Amino acid sequence: MGKHRKKDTEMIHGMKKEEDAYRSLTPPIYQTSTFVFDSAEQGQNRFSGDEGGYIYSRLSNPTVRELEERIALIEEGEEALAFSSGMGAVSAILTTLTKTGDHIVCSKGVYGCTYGFLKMMKEKYRVDFSFHNLSNQEMIEEAIQPNTSCIYVETPINPTMEIIDLELVVKVAKSHGIPVVVDNTFSSPYLQNPLSVGCDVVIHSATKYIGGHGDVIAGIAVGNKKLMNLVAMTARKDIGASLSPFDAWLLLRGIKTLAIRMDRHSEHALKIAEMLERHPAVEEVYYPFLPSHPQYELAKKQMRKGGGLITFKLKGADKEETQKFMNRLKLIQIAVSLGDAESLIQHPATMTHAVVDEEERIKMGITDNMVRLSVGLEAWEDIWNDLDQALQ
Ligand SMILES: *Cc1c(COP(=O)(O)O)cnc(C)c1O
């Protein structure tokens with residue numbers, strides 16, 4: 001039935017559920033650590049897997065399960081797993097797909113803590129990684145080493161908004177039998193569905209657009225049943241970054257308005273990106289749906305809309321002047337994170353990407369005069385007036 005409905009509808013209704021005794025419209029929060037067995041034998045059968053059913057909430061929980069089913073549906077995947085943070089999802093997937101001696105091909109830029117995790121994996125467990133420009137077939141072929149066990153990409157890349165052609169990466173990866181993992185946080189399941197073009201795993205920091213209200217830290221991974229079952233029974237169960245039932249409920253609540261929020265974020269961000277581009281104090285604007293974006297055509301092919309994030313550089317500004325500009329903002333608040341109703345601005349070089357070594361950071365294109373704006377749901381005129389007064 002789900003297959004015939006539009007994504008906007010699926011976000012609100014999900015799969016048809018068993019009716020609960022009280023016909024509650026919204027799902028109950030099963031705020032419990034454990035589940036009682038009818039008998040010792042039933043406990044044995046649940047542990048052996050001969051019988052389905054819940055055991056303990058670190059392994060699985062009905063409210064969390066409802067969220068996972070909803071996300072799998074809208075991300076067009078077989079199975080989703082929820083985590084207590086986006087990094088919980090990133091680390092569970094990467095530890096499952098690699099072992100000592102392996103190598104990970106990464107897009108030119110990755111989220112700061114993902115970089116931190118890769119560095120730790122390299123230093124402590126000898127799982128190597130390298131960053132690559134993956135913009136044509138030869139470059140992707142060249143990036144792959146005999147010991148490459150997965151390709152890990154963000155698109156748009158945080159914070160430079162470069163786009164990676166997922167179909168192209170998948171084509172090359174498939175010919176080598178290597179799985180492709182995509183951090184889809186910036187687009188949300190509404191704007192881009194990497195699994196539908198053949199990628200193997202999608203990761204979200206659900207803290208951002210999926211939650212959408214700045215009140216929860218959570219992560220999601222989506223992929224085929226076999227891999228997700230393995231992750232559920234190893235990295236998630238034994239490392240333990242499981243999501244709490246209440247946080248799952250907050251995300252189910254957020255998803256209901258994901259489509260309408262993404263439409264508005266995208267519409268307003270495009271307007272503001274266009275106005276920033278014309279402002280004399282702005283050196284350069286990076287937004288996927290601006291015709292001046294070098295990969296505008298690719299962005300239009302791959303994404304339904306441009307999303308709510310704009311990165312821009314201030315003309316001739318050093319770090320101090322860039323910080324002064326941020327301090328002059330009144331409506332837009334200085335904070336990392338993104339995808340909330342409130343507009344937020346951050347300084348990648350000293351905040352989200354401060355953990356990245358300076359040399360790598362320059363290679364990623366992150367400069368001291370660069371800021372990243374998460375366009376909120378306020379009236380765009382108010383967001384613009386605030387930027388304009390601070391740019392004077
Ligand atoms: C925030 C973020 C993460 C990490 O997610 P948390 O929920 O903060 O752990 C990973 N990737 C991207 C692109 C992000 O923006």
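## Helices α4 and α5

The crossing of α4 and α5 is right-handed. This is a predicted model. The axes of α4 and α5 (residues 112–125) come within 10 Å, at a crossing angle of roughly 35°. From α4, the residues at the contact are Met-87, Val-90, Ser-91, Leu-94 and Thr-95. They meet Cys-113, Thr-114, Phe-117, Leu-118 and Met-121 of α5.

The length of each helix can be checked against its residue count. α4 has twelve residues, so at 1.5 Å a residue it should span 16 Å. Its end C-alpha atoms lie 17 Å apart, which agrees. α5 has 14 residues and should therefore span 20 Å. The distance between its end C-alpha atoms is 19 Å, again in agreement.

## What each helix buries

In α4, the buried residues are Gly-86, Gly-88, Ala-89, Val-90, Ala-92, Ile-93, Leu-94 and Leu-97. In α5, they are Gly-112, Thr-114, Tyr-115, Phe-117, Leu-118 and Met-121. The buried residues of α5 pack against α4 and α14 (358–363), and also against the strands β2 (103–107), β3 (128–132) and β4 (148–154). Arg-126 follows α5 and has a positive phi, near 55°.

## The nonpolar cores

The largest nonpolar core has 68 residues. Leu-67, Ile-93, Ile-104, Tyr-152 and Ile-203 touch the most other members. α4 (residues 86–97) gives the most to this core, with six residues. Domain 1 (58–252) and domain 2 (258–391) each supply at least three residues to this core. A second, separate core holds 30 residues, among them Val-282, Met-326, Ile-345 and Leu-373. In soluble globular proteins, nonpolar side chains tend to be buried together.

Leu-67 touches Ala-82, Ile-220 and Leu-243, along with Ala-248, Leu-251, Leu-252 and Ile-255. That list leaves out residues up to four places away in sequence.

## Helix α10

Helix α10 covers residues 245–255. Its buried residues are Pro-245, Ala-248, Leu-250, Leu-251, Leu-252, Gly-254 and Ile-255. Among the elements covering them are α1 (7–13), α3 (62–74) and α11 (258–277). Ala-248, Leu-251, Leu-252 and Ile-255 are also among the residues that Leu-67 touches.

## Two domains

The domain assignment of the protein chain gives domain 1 (58–252) and domain 2 (258–391). Their centres, taken over C-alpha atoms, are 24 Å apart. The contact between them takes 37 residues from domain 1 and 42 residues from domain 2.

## A buried threonine and an exposed aspartate

Thr-185 sits in the loop between β5 (180–183) and α8 (188–191). Its relative accessible area is 7%, so Thr-185 is buried; the cut-off for buried is under 20%. Leaving aside neighbours within four places in sequence, Thr-185 is in contact with Ile-203, His-204, Ser-205, Lys-208 and Tyr-209. Ile-203 is also one of the residues that touch the most other members of the largest nonpolar core.

Asp-238 belongs to helix α9 (residues 225–239). Its relative accessibility is 54%, so Asp-238 counts as exposed; the cut-off for exposed is over 50%. Asp-238 and Pro-156 are 82 residues apart in sequence. In space, C-alpha to C-alpha, 32 Å separate Asp-238 and Pro-156.

Conventions:
Residues are numbered from 1 along each chain as its sequence is written. This is a predicted model: local features need pLDDT of at least 70, side-chain atom pairs count only at pLDDT 80 or more; totals for chains, interfaces and linings use all residues. Side-chain values use heavy atoms; hydrogens and water are left out. A nonpolar core is a set of buried Ala, Val, Leu, Ile, Met, Phe, Trp, Tyr and Cys residues joined through side-chain atoms within 4.5 Å. Buried means under 20% relative accessible area, exposed over 50%, partly exposed in between (1.4 Å probe, protein chains only). Helices (H or I, at least four residues) and strands (E, at least two) are DSSP runs, numbered from the N terminus. Domain bounds come from an automatic or database domain assignment. Contact means heavy atoms within 4.5 Å. The expected span of a helix is 1.5 Å times one less than its number of residues. Axes are lines fitted to C-alpha atoms, for helices over the stretch in contact, and angles run from 0 to 180 degrees between N-to-C directions. A crossing is left-handed if the near helix is turned anticlockwise from the far one by less than a right angle, and right-handed if clockwise.
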